[in-house]
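Let's take a walk through a protein model together.

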Amino acid sequence: MKTIQVYGSGCKNCTVTADRITAVAAELGLHIQLEKVTSLEAIMLAGVMSTPGVSIDGVIKHTGSVPSLERVHELLTEDVVA
């Protein structure tokens with residue numbers, strides 16, 4: 001199971017990012033644990049300078065924009081061994 005954090009204030013872009021991650025994970029049949037991180041202090045400590053930010057298993061993978069569905073697919077499958 002992947003642990004995913006979406007960093008941001010809870011704005012529309014952050015919500016859309018979280019929704020896309022959930023939808024693509026379901027499409028791929030992946031079990032994920034998704035957490036929305038809205039604390040400015042936690043966002044800064046994670047090193048996210050531009051939101052929304054996405055962290056997978058503790059590693060920042062995307063920041064500054066809503067990732068496309070294709071990008072979310074890449075992020076969720078990049079460590080999967082075929």
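Start at Asp 57, which sits in the loop between β3 and β4; helices (H or I, at least four residues) and strands (E, at least two) are DSSP runs, numbered from the N terminus. Asp 57 is not a glycine, yet it has a positive phi of about 50°. Most residues other than glycine have a negative phi, and most peptide bonds are trans. A cis bond turns up here too: it joins Thr 51 to Pro 52, with omega near 0°. Pro 52 belongs to the loop between α2 (40-45) and β3.

A word on what you are looking at: this is a predicted model, in which local features need pLDDT of at least 70 and side-chain atom pairs count only at pLDDT 80 or more, while totals for chains, interfaces and linings use all residues. Residues are numbered from 1 along each chain as its sequence is written, and side-chain values use heavy atoms, with hydrogens and water left out.

Now step back to the whole chain. It has three helices and four strands, and along the sequence they follow the pattern β-α-β-α-β-β-α. The radius of gyration (taken over C-alpha atoms) is 12 Å, close to the 12 Å that the globule rule (2.2 Å times the number of residues to the power 0.38) gives for 82 residues, so the chain is as compact as a globular protein of that length.

How are the strands arranged? They form an open sheet in the order β2-β1-β3-β4, with mixed pairing; two strands pair if DSSP finds at least two bridges between them. At the edges are β2 (32-37) and β4 (59-63), each pairing on one side only. Strand β3 (residues 53-56) pairs with β4 in the antiparallel sense over four bridges, and Gly 53 has Thr 63 in β4 as its bridge partner.

Helices pack against this sheet. Helix α3 (residues 69-77) touches β1, β3 and β4, where contact means heavy atoms within 4.5 Å. Its direction makes about 170° with that of β4; axes are lines fitted to C-alpha atoms, for helices over the stretch in contact, and angles run from 0 to 180 degrees between N-to-C directions. Helix α1 (residues 12-28) lies across β1 (2-7), β2 and β3, and runs at about 180° to β2.
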